[in-house]
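Me: I have a structure open and would like to talk through how it is put together. Could you look at it with me?

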Amino acid sequence: NEKVFSTFKSNPIYRQILEHLSEQRGHDYLDVIGENDIFKFTLEDWRNFAKNDDYGSPVQFTYDIYGEKFTMSSTTIRYAKVLQDIMTMYDTENIKHIAEIGIGYGGQCRLIRAKIPDAEYTLIDLPEVVGLAEKFLSHYDECKENIRYIDGGHIYVNDEYDLVISNYAFSELRREVQDMYIEKVISKSKRGYITWNFLSYKFLGGYSVDELLKIIPGSQRIEERPFTCQDNCIIIWGNKQ
């Protein structure tokens with residue numbers, strides 16, 4: 001439905017799940033991005049990232065980046081921070097296949113494809129979410145090939161991955177669903193970046209961070225920056241030492 005799609009990011013119910021970050025939170029992410037001396041984005045990168053907000057009518061704010069004014073959603077800035085972490089922490093030239101668990105509308109995928117354009121990308125979520133992401137990404141030429149959309153309730157593939165990503169998603173699943181993802185995706189990935197919150201552990205019987213660190217070989221916990229909520233952290237493995 002084109003009418004619904006044109007404003008989905010500003011829908012009040014959708015904003016409870018995504019697109020709820022404040023203007024200040026966008027500044028917080030920009031501060032962290034600016035502190036990274038290992039990998040810097042260019043103005044051209046930011047102009048490209050801002051195109052994430054061309055569809056769906058998100059709530060946007062004006063930010064000064066390198067002296068240029070950008071009107072964009074704070075969610076897009078968060079996606080840029082995750083991308084910067086990936087470019088900093090991992091040998092991206094060896095990343096040929098990426099899996100993402102919990103995909104939102106596909107915005108993180110689009111930003112990653114901007115810097116790792118040749119990697120195959122597998123998006124995994126509920127069928128309705130997968131459908132939304134497929135529609136959104138169809139508007140961008142860089143996302144029309146080598147992207148696979150998988151119903152997270154029926155993961156039929158048995159692939160190996162170079163990087164698995166999940167931001168506030170794997171940590172919001174029941175333990176039996178987490179077990180499925182560990183078996184079929186996480187255990188098959190050489191590298192990982194999981195932004196973890198406490199929802200599943202406290203309310204759904206999911207794994208604690210310490211349990212996951214024992215399950216995932218070579219994994220470690222690092223600080224979430226900016227720190228957004230009590231107990232939040234990032235679990236990584238396969239990173240550069």
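This is a predicted model: local features need pLDDT of at least 70, side-chain atom pairs count only at pLDDT 80 or more; totals for chains, interfaces and linings use all residues.

Me: What order do the strands of the open sheet come in?
Reply: The open sheet has 7 strands in the order 5-4-3-6-7-9-8, and their pairing is mixed. Strand 5 (147–151) and strand 8 (220–222) stand at the edges with a single partner strand each, so one side of each has no neighbour in the sheet. From one strand to the next, the twist averages 20°.

Me: In which sense do strand 4 and strand 5 pair, parallel or antiparallel?
Reply: Strand 4, residues 120–125, pairs with strand 5 in the parallel sense, over 5 bridges. Within that pairing, tyrosine 121 has isoleucine 147 in strand 5 as its bridge partner.

Me: Which strands does helix 5 touch?
Reply: Helix 5 (residues 74–89) packs on the sheet and touches strand 6 (163–167), strand 7 (192–196), strand 8 and strand 9 (233–237), with its direction at about 145° to that of strand 7. Helix 6 (residues 107–115) also packs on the sheet, where helix 6 touches strand 3 (97–101), strand 4, strand 5 and strand 6, and the direction of helix 6 makes about 170° with that of strand 4.

Me: Changing topic, is glutamine 178 buried or exposed?
Reply: Glutamine 178, which is found in helix 8 (residues 175–184), has 0% relative accessibility and therefore counts as buried, the cut-off for that being under 20%.

Me: And what does glutamine 178 touch?
Reply: Leaving out residues up to four places away in sequence, glutamine 178 touches Phe170, Ser171, Leu173, Ser200, Gly206 and Tyr207.

Me: Last one: how many residues sit between strand 1 and strand 2 in their hairpin?
Reply: There are 2 residues between them, and tyrosine 66 in the turn has a positive phi of about 55°. Strand 1 (residues 61–65) and strand 2 (residues 68–72) run antiparallel and are joined by 5 bridges, and threonine 62 has threonine 71 in strand 2 as its bridge partner.

Me: Which residues are on the covered face of strand 1?
Reply: Phe61, Tyr63 and Ile65 make up the covered face of strand 1, whereas Thr62 and Asp64 are on the uncovered one.

How values were computed
Residues are numbered from 1 along each chain as its sequence is written. Side-chain values use heavy atoms; hydrogens and water are left out. Two strands pair if DSSP finds at least two bridges between them. Helices (H or I, at least four residues) and strands (E, at least two) are DSSP runs, numbered from the N terminus. Axes are lines fitted to C-alpha atoms, for helices over the stretch in contact, and angles run from 0 to 180 degrees between N-to-C directions. Contact means heavy atoms within 4.5 Å. Buried means under 20% relative accessible area, exposed over 50%, partly exposed in between (1.4 Å probe, protein chains only).
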